[in-house]
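Keep the sequence and the 3D view open as you read.

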Amino acid sequence: MKIIILFGTESGNAELLADEVAEAIGNRFPVVKHDMSETDPMELSPGDFHLVICSTHGEGVLPSGAVPFAAALDRDPPDLRGLRYAMFGLGDHSYDHYARGSEIIDEHLRAAGAERVGLYGRYDASSQDDPVQLACEWAFAVLNEAGHLIGENA
Amino acid sequence: MSPLSIGIVGAGPAGCFAAQALSKDFMDAEITILDRLPVPFGLLRYGVAADHQGTKAVQHQFERLFSRPNVEFVGGLDYGRDVDLDRLRSIFDVVVLATGAPDDRRLGVEGETLEGVIGAGRLTRALNSHPEAGAELPVVLPRVGIVGSGNVAADLLRLLSKTSVEWDGSDMDDALLHQILPRPVTEVHLISRSDAVEARWDAAMLRELASLKRPRFQVLTGSIGSRGSPEADALRELVAARSEPTDLSINLHFACVVEQVLGRDRVEGIRIRSHTGLRKDLPVDTVLTAIGFEPRPVETVPPRVYRTGWLRTGPQGTIPAQRTLSKQLALEIARDLRSGLIQPGRPGCAALPAGRTTNFAGWRRIDAYERAQAVEQRVRLKISDIETLYAVGQDANLAVAPARGTSK
C-alpha cells in the first residue's frame, strides 16, 4: 500500500507541507505526491492511503488548485467506498470559516463514500505555530493510528 | 556542462516565487536573489499590514527556499547603483527582474504637493518600519481624507482606527505608530471615484472593519444603493451596525472626484465634486492617496533577461498570483534553453561586486533578534535603522537558531 499525499494549494503553502511530509515519512512508507489540480478523482484508489493537505482561500473558499478536483467530485462522484484518508487543513482563524477549504474537500470525499480516519489536522496562519512541524506531527500521528490499515512494512 | 546560473533582482514575493519555480524546474541551477535592502521579502515584510500576519505565512516557503544549498540571498546590493543590467548579464546566464512598482500613483490635481499629502505606499512602508522611511516619517493628523476605495484604502481605514489592544498579535512598533499618529484620528473622509457597488475592495476587508471598536461609518455623498454585491452588502451592514456616538467618524463619499487639495503650505481641506456636479469642501489636515502604484516604464529587455511580478504585469495581482506568474516564467526559460538562446557557463554569484552585503544567515540573525526584542502582545519588533540591520546581519557572534520549521 502506498501513501498518496494529495494537496490543494493557492500560494504554495499546502504544496510545501506536502513536500515536507513526504520527506519526513519517506523512509518508512512508499510515498507519492499528487497536486489536486492534476488529479482526476476517478483515479483515487482504495488500495492507497491518502494524506490530504488543503489550504483555504480568501473567506473560506477552495484554493484555485483544488477547484477542478472538487467540481469533478461534485459533478460526477466516483464510488470511493473503501478509500481511507486523513485530512489536514490550512486557514486563518481570524476569518469566520477557519480552514473551510479542507472541509469542503472532506465533505465531497465523504459524500462519495470515502472514510476519514485519524486526527483532523489544522494550521492557523495567524498563530505563531510552525506549519511544517504541525503537519509532520499530524502525519506521524495519523500513520501510527492507521498503521494496521497500511501495514508498516508495505 | 556547467550549471545554469540565474540572478534574480528583487527578493519580494515575485522574486522568491520565481526562485522557487526555477529551482524546481532546473534542479542543478545556481540561483542568486539580490535585494537593495539587507533583508529579503520585499512587500511581504514592508507592504503587507502589520496586523495581517496570516498573509505572511507564505514566508515559511521562502525560508525553506533560501535554506537550499543552490539558492543564495545577497542583500544590500542595489540594482542601478552597485550593479547594472549589462554587468548582471555578464555574471548570470539568466537574469530575472522582479523589482515591482513601488511608487504611489499621483493624484494629478492642484495642491497634491502640499505638506500633508501622503501616498499609501509611503505610509505603509513607514508603519512597517521600512529602513528608508525613517528620515522623513509621515505624520497623520486627526482629520484625514483618504482617496481611493480599494483594499489599500480599506487597510488604511483599519490601521488608522485601531486602539492599542487591537494590535495584539501583530508586529506593529508602537513607538513608531505614535510618531506617525501623534493623536488619535477623529474623522475620516473617504473619497471613492466609483459608486459603492463598483468599489474595488473585497467584502472580507469590509467585514474586518466591522469588528473595530472605535469607528462609526456613514455615507455622506452618494449612496450604497439597492443593488447587491458581497461588497455592497458588507458595506450596508457596516453602516447599519454602529449608530451610537463615537470618537471616530468614518464618512464615505461615493461617485465623486477630488478637484483640489486645499491649503497654503499644508493641507487644510479637500474639494470634491460629485457626478451630479455638486461641490463640497471637506476640512481635513492630512490626505492619504490610495489610488494605486505608478507602473515603471516597461522597456523591452535584451535576450536572457526576463521580468516577473508587478514589473511585468503592472501593479495588480495578489501574492498567490505571483506564484502562477513564476511557473509561466520557468516555462519561458525552459523554452529558451532548448532553443539555444541561453548557453550556460557564466560564473554566477561569486562574480558579483563586493560591498557591504548580507546573506541568508544574516537575515536569520536579524529575524531571531527581532523576535527576541518583541514586547508583550507583539510577535516581533522590527529594526527600522539600516545601520542596525547591517550590524545585526553581519554579527557572526550572534547565535542563530535553526531555521524555523526545520523538520530534521
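## Rings that meet

Over all chains, the structure holds eight aromatic pairs. One of them joins Phe88(A) and Trp138(A) in a tilted arrangement, with the ring centres 5.2 Å apart and 55° between the planes. Because Phe88(A) belongs to strand S4 (residues 84–91) of chain A and Trp138(A) to helix H4 (residues 131–145) of chain A, this pair ties together parts that are 50 residues apart in sequence. Are these two residues buried or exposed? Both Phe88(A) and Trp138(A) are buried. Please keep in mind that this is a predicted model.

Phe17(B), Phe41(B), Phe62(B), Phe66(B), Phe73(B), Phe360(B) and Trp363(B) form one aromatic cluster.

## Charges over rings

| Charged residue | Ring | Distance to the ring centre |
|---|---|---|
| Arg122(A) | Tyr98(A) | 5.7 Å |
| Arg356(B) | Tyr390(B) | 3.8 Å |

## A helix in chain B

Now turn to helix H12 (residues 360–372) of chain B.

At the start of H12(B), a side-chain oxygen of Asn359(B) comes to within 3.3 Å of the backbone nitrogen of Ala361(B). Which residues of H12(B) are buried? They are Phe360(B), Gly362(B), Trp363(B), Arg365(B), Ile366(B), Asp367(B) and Glu370(B). An α-helix has 3.6 residues a turn, so residues three or four places apart point the same way. The cover over the buried residues of H12(B) includes helix H2 (42–46), helix H3 (59–67), strand S3 (71–75) and helix H13 (386–394) of chain B. Phe360(B) and Trp363(B), both among the buried residues of this helix, also belong to the aromatic cluster.

Ser11(A) is found in the loop between strand S1 (3–8) and helix H1 (13–25) of chain A. Its relative accessible area is 13%, so Ser11(A) counts as buried, the cut-off being under 20%. What does Ser11(A) touch? Leaving out residues up to four places away in sequence, Ser11(A) touches Phe17(B), Val58(B), Gln61(B), Pro320(B) and Arg323(B). Phe17(B) is also one of the residues in the aromatic cluster.

## An annotated stretch

For residues 7–198 of chain B, an unreviewed UniProt entry carries the annotation "domain: FAD/NAD(P)-binding". Over residues 7–198 the chain is 31% helix and 16% strand, with its end C-alpha atoms 41 Å apart.

Note on methods. Residues are numbered from 1 along each chain as its sequence is written. Chains are lettered from A and ligands numbered from 1 in the order in which they are written. This is a predicted model: local features need pLDDT of at least 70, side-chain atom pairs count only at pLDDT 80 or more; totals for chains, interfaces and linings use all residues. Side-chain values use heavy atoms; hydrogens and water are left out. Helices (H or I, at least four residues) and strands (E, at least two) are DSSP runs, numbered from the N terminus. Buried means under 20% relative accessible area, exposed over 50%, partly exposed in between (1.4 Å probe, protein chains only). Contact means heavy atoms within 4.5 Å. Rings of Phe, Tyr and Trp (its six-membered ring) pair if their centres lie within 6.5 Å; planes under 30 degrees apart count as stacked, over 60 as edge-to-face and the rest as tilted. A charge sits over a ring if NZ of Lys or CZ of Arg is within 6 Å of the ring centre and within 35 degrees of the ring normal. UniProt positions are given in the numbering used here, feature names are shortened, and annotations may be inferred rather than shown by experiment. A polar contact is a pair of N or O atoms within 3.5 Å; within protein, one must be able to donate a hydrogen and the other to accept it, and residues adjacent in sequence count only if both atoms are side-chain atoms.
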